[in-house]
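User: I would like to learn how to read a protein structure. Can we take it feature by feature?

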Amino acid sequence: MKTKKWPFAYVGIITAITYIPILLTVVYSFNASKISSVWGGFSLEWYRELFRDRDLGEALVNSLILAFLSCLSAAVVGTTGALGMYRWKSRLNDAVAMVSMLPIMIPEIILGMVFLSVFSLMNLPFGMLTLVIAHTAFCIPYVYSMVSTRLVGMDKSLEEAALDLGASPFRVFWDVTFPTILPGILSGVMLAFAMSFDDVVISIFVTGSKVNTLPVKIYTKLKTGVTPEVNALAAVMLAVTIALIAASAAVGNWTNRSERRQIKSQEKENV
Amino acid sequence: MKKNTILQLKGIRKRFGETTVLSGIDLSIEEGEFITLLGSSGCGKTTTLRIIAGLETPDSGQVILDGADITALEPNKRPVNTVFQNYALFPYMTVADNIGYGLKIRKVPKPDIAAKVEEMLQLVQLEGYGSRMPGQLSGGQRQRVAIARAVVNEPKVLLLDEPLGALDLKLRRQMQLELKRLQKKLGTTFIYITHDQEEAINMSDRIAVMHQGVLEQAGAPNEVYYHPKTSYVANFVGSANILREGNAAYAIRTENVLMNGEPECTREAAVLEKSFAGGQLRILFQLRDGQRITASRYGLDADIREGGACRIGWRPEHAVEVLDDGQ
Amino acid sequence: MGNKSSPKTRPPWLLLAPMYAFTILFVALPILYMFLLSFLTRAEVWGVEFQFTLANYKRILEPLYLDTFLESFRLALISTALVALIGYPYGYFMAKMSPAWKKRMLLLIMIPFWTSALIRLYGWIIVFRSNGVLDSLLMGLHITGEPLKLLYTYPAVVVGMVYALLPFMILAVYSSAEKMDWSLVEAARDLGASSRLAFWTVTFKMTLPGLLSGVVLTFIPSMGLFFIADLLGGNKIVLVGSVIQEQLTKGRNQPFAAALSAVLMVLTVLMIRLYRRITGASKLEGLV
C-alpha cells in the first residue's frame, strides 16, 4: 500500500485547531490592554498581578496538597486491591472491582451530587477531608487498572523462579512483583494526579466555603468577569505541563535508546 | 553398581478441578542420574516436576528427598532448583545478579558470590557477560544463564522443564551435548522434561515415559526402545507399528519391516502411500485384515509403487508383545 | 502449562481490606443513598425528611425539566456525532502511523489534555467573545461586517463540548485500531474486496468497540458538564447537570437533585450495558 499524505494533513489540522485556544491564552497573557480583543502592546503586568494574588497562590497550594493526598491514598488502596484481587479470584472481587470503577464511568456531576449529600448526612465538615475522600474515589480506578494490567501481563514463572531459588514470599514480592508493577503504579498515579489537579465539577460540591482549589477559584473568576491574570496563569500552567511532559519524554527516550542499543548488540551477536 | 536413592515419589496424585492430572506416580531416582520424563503435552510431566519443586502440592502421596519427606515443605526451603521452560530470568537484573540471586538470598558474603558467579560464567562459557542484561542475550545464552543460576546453588536435584524447547534444531543438538557434559562434570541429579523422544534417548541414563497421568515405563533408553511394555510406549518412542492378533498386541519397529525377497515376507499387503522425510523413505501398507503397517528405509526405493501390492513380513524376534492400551 | 497453579484457599484480606472498605463505604453506599434520597422529601428549611414520595420523579416530568432533559439529549447527540465524525478518522489514522509518529501524536494530544480544562475553555472565550479573535479575523477579512457575538450561543457550547470530549474518542478509537491485525485487511483485499468494502467489512467492525466506547465516554458526560454550558452558553443553555447543580446549591433541594442524578445514572448504566451487549467486551476501550 502506498502512503497517502492527506491523513497526515487531517491529523495535523485537527491537532493545530486544538492548540489555538491554548496558544491564544499565552499570547494574550502578554497583552497590556485589559480588553482581550485589542492588542495594547507587550506587558508583564498580568504576571505581576498573578504573583501578587494571595488567593490564587493559596488555591494552588491547596490543589497540590489535595492531588498529593488523593494520589497517595489511591496508590495504597489501588495497589493493594489489585494485588489482593490477583491473588484470590472470586465473584465478589469482580463485583467490588466493577463498583470501584464507577467513579470514572458515571458523569462527574453524579459523583459530586452523591458526595455532597452523603457528607452532609454524615455531618462531615466540608473542606480538605471531604475533598480528599471524593478525589481518592476517582483516583483509585486509574491506579487499580494500571496495576492490574501489569499483573495480568506479568510472567508468573518469574515469581516461581525466585521462590525456587530460595526467596521467602516477602522477598519474592520485593524482588519480582514490585519491580513489575512499579511502572503501573507510577503511570496510574500520574494520570490520577492530572485528573485530581484539573477537577472542577466534583470539587465544587465538596469544597465548602473555606478551602478553594485552583480550578474552583478559576471557575469563579471566569464566571464573575474578565480577569487577564487568568491568561498569565494559563501560560504558567502550560509551561509547567510542557516541562513535565518533556522531562518524562526525555526519560522515556533515554530508556528507549538504551533498549535500542541492547537490540543492536543482540543483532550483532546473532550474525 | 548400586547407588543411593536421592528422590522418591510415592503414589503422587493430583487433580485440577475435574481433570485428573496425575493418578498415582511412583518413581525412584538415583543420585547422579540423568532421568528424563518423556511424554506428549498434558501427560502430567510438568506437574510432576512442579510437585518436586514444591510449586504444586499433591492431593496425596509423598515426595522424599534424601530420606526426608518434603511433601509439605515450601519451595523456597527445598534444596532443589529449576531451569524454567521460558528461562524466567529477572529482566531488570544483570546476568551476574541473576546468577547470584540464590546465593544472595542465602546471605553468602558478597565477594564469595562474585567469585562463584565468575566460576559459573566460565562453566557455561559466558565469561565477560556478567554485566549484560538478559534482554541483550540470544536464546542460547539466556538458556546458559538460566542453567548457571540454578546450578550455582548446588541443588541436590536439578529440574529442567523442556529447557531446549525454544531453541532451533541446530542449537538444540549442540546444547544437548553440552548439558550432558555439564551433568557428568557436576555429578548432580538431573530430572529433565521433554516431549522429544530423540532428545530423551540422546541424553538420558533413564527414561520415564508418561501418558495421561500414568507412568507407563521407566528404564534405560535401549530398554524402552527395544522392549516397550505398552503399545503407547512402543508408538511414542521411535514410532513402532502395533499389530493386533487375537488378544495380543505386538510392536514392530518400522525399520524391521521386511519387504519382498526375504523368507519372512509371508503377508500380502497393498501399498497405500510412499513418502520421503528426514532421509527416510516411509511406505504405508495395508494388510488383508485391514491393519496398517509402516516400513521405513534409508534412501529411495524405486521397486514399490503406490497402488501396487507386495509381500511383507518380519523376524519373530522383532515382534515384541506389548500391553495393549489402545494406542 | 505455567498457570495451572492451584487457587489460594485463604483470601488475602490484608490486601483486599482497603479496597473493599473504600469501595463499599465511599462508592457503593453513597450511590445507594442517592437512590434512597430521590424518594425522600425536602425539609422546610434545611436538609431532608425521611418521608417517602414520588414527587421528585413526577417533577422531572414537568415541561420545564422534561425540556431540559430533551435539550441536554439534543446537545449530547450533536456533540457526540461531531466528536465521532472528527475523532474516529483521527484515531484511525494515528494507529496507522509509524511508531515514532504515534508517540509524538500521543504526546501532542496529551498536552492539552493535561492543561486545565477551564483554561482551555477560557481560550475559546477569547476566540468567541464579541469583538474577539474570531470576529476580528472575519471582519478583517471582510467576510462579516459586524461582530457575530458567538459567545453565549448554542454553537459556542457545542464547540466547547466537542473540544473537551474529543480526546476521549480519539484515544478510544486509537486503542482499538492499534490492537487490530492489519493483515485481515490485506486478506480481505486479497480475496477481492475493494478498499472501501474492506474498510466497512473488516476495519470498521474491528474498531467498533473503540468507537462505541468513545460514544459512551462522550454522550453521558456531555449532559453533565454544566461548566461548559455555563461559561460558553451563559444562562441560555441549561443542561441536566446545570439543574442538578442549581438544585443542590441555590435550591437546596437534595432529593430532587438525587432524582435527576438517578435518572442520569440509570441512562449511563443502560448505555454501558448496551455497549457490552454489542461488543461483548467487559471494559470500555481507552478508558484508562
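**Reading the sheet, the helices and the chains**

Analyst: In chain B, 5 strands form an open sheet, in the order β13-β17-β14-β15-β16, with antiparallel pairing. At its edges stand β13 (258–259) and β16 (292–298) of chain B, each with a single partner strand, so one side of each has no neighbour in the sheet. Helices (H or I, at least four residues) and strands (E, at least two) are DSSP runs, numbered from the N terminus. Two strands pair if DSSP finds at least two bridges between them.

This is a predicted model: local features need pLDDT of at least 70, side-chain atom pairs count only at pLDDT 80 or more, and totals for chains, interfaces and linings use all residues. Residues are numbered from 1 along each chain as its sequence is written, while chains are lettered from A and ligands numbered from 1 in the order in which they are written.

User: What holds strands side by side, and how many bridges join β13(B) to β17(B)?

Analyst: Strands of a sheet pair through backbone hydrogen bonds, either parallel or antiparallel. Here 2 bridges join β13(B) to β17 (residues 309–313) of chain B, and the two run antiparallel. Met259(B) has Ile312(B) in β17(B) as its bridge partner.

User: Which strand is joined to β1(B) by 5 bridges?

Analyst: Strand β4 (residues 60–65) of chain B is joined by 5 bridges to β1 (residues 5–16) of chain B, and they run antiparallel. Arg13(B) stands opposite Ser60(B) in β4(B). β4(B) also has 2 bridges to β5 (residues 68–69) of chain B, again antiparallel. There Leu65(B) stands opposite Ala68(B). β4(B) and β5(B) form a hairpin with 2 residues between them. In the turn, Asp66(B) has a positive phi of about 50 degrees.

User: Is Leu177(B) buried or exposed?

Analyst: Leu177(B) is exposed, because 11 other C-beta atoms lie within 10 Å. Its place is in helix α5 (residues 169–186) of chain B.

User: Now helices. How do I describe two that pack?

Analyst: Two packed helices are described by the angle between their axes and the distance between the axes. In chain C, α10 (residues 226–233) and α11 (residues 240–249) pack at an angle of about 100 degrees, with their axes 7 Å apart. That makes α10(C) roughly perpendicular to α11(C). Axes are lines fitted to C-alpha atoms, for helices over the stretch in contact, and angles run from 0 to 180 degrees between N-to-C directions. Angles under 35 degrees count as roughly parallel, over 145 as roughly antiparallel, 65 to 115 as roughly perpendicular and the rest as oblique.

User: Which residues make the contact of α10(C) with α11(C)?

Analyst: Phe226(C), Ala229(C) and Asp230(C) come from α10(C), and Gly241(C), Ser242(C) and Gln245(C) from α11(C). Contact means that the C-beta atoms of two residues, placed from the backbone, lie within 7 Å.

User: How many residues of α11(C) are buried?

Analyst: α11(C) is mostly covered, with 8 of its 10 residues buried. Among them are Val240(C), Ile244(C) and Leu248(C). The cover includes α5 (108–122) and α9 (201–206) of chain A. From chain C, it includes α3 (63–95), α9 (195–224), α10 and α12 (254–279).

User: What does chain C look like overall?

Analyst: Chain C has 12 helices and 2 strands. Its C-alpha trace spans about 75 × 70 × 35 Å along its principal axes. Buried residues make up 45% of its 288 residues.

Key:
A residue is buried if 20 or more other C-beta atoms lie within 10 Å of its own, exposed if 12 or fewer, and partly exposed in between; C-beta atoms are placed from the backbone.
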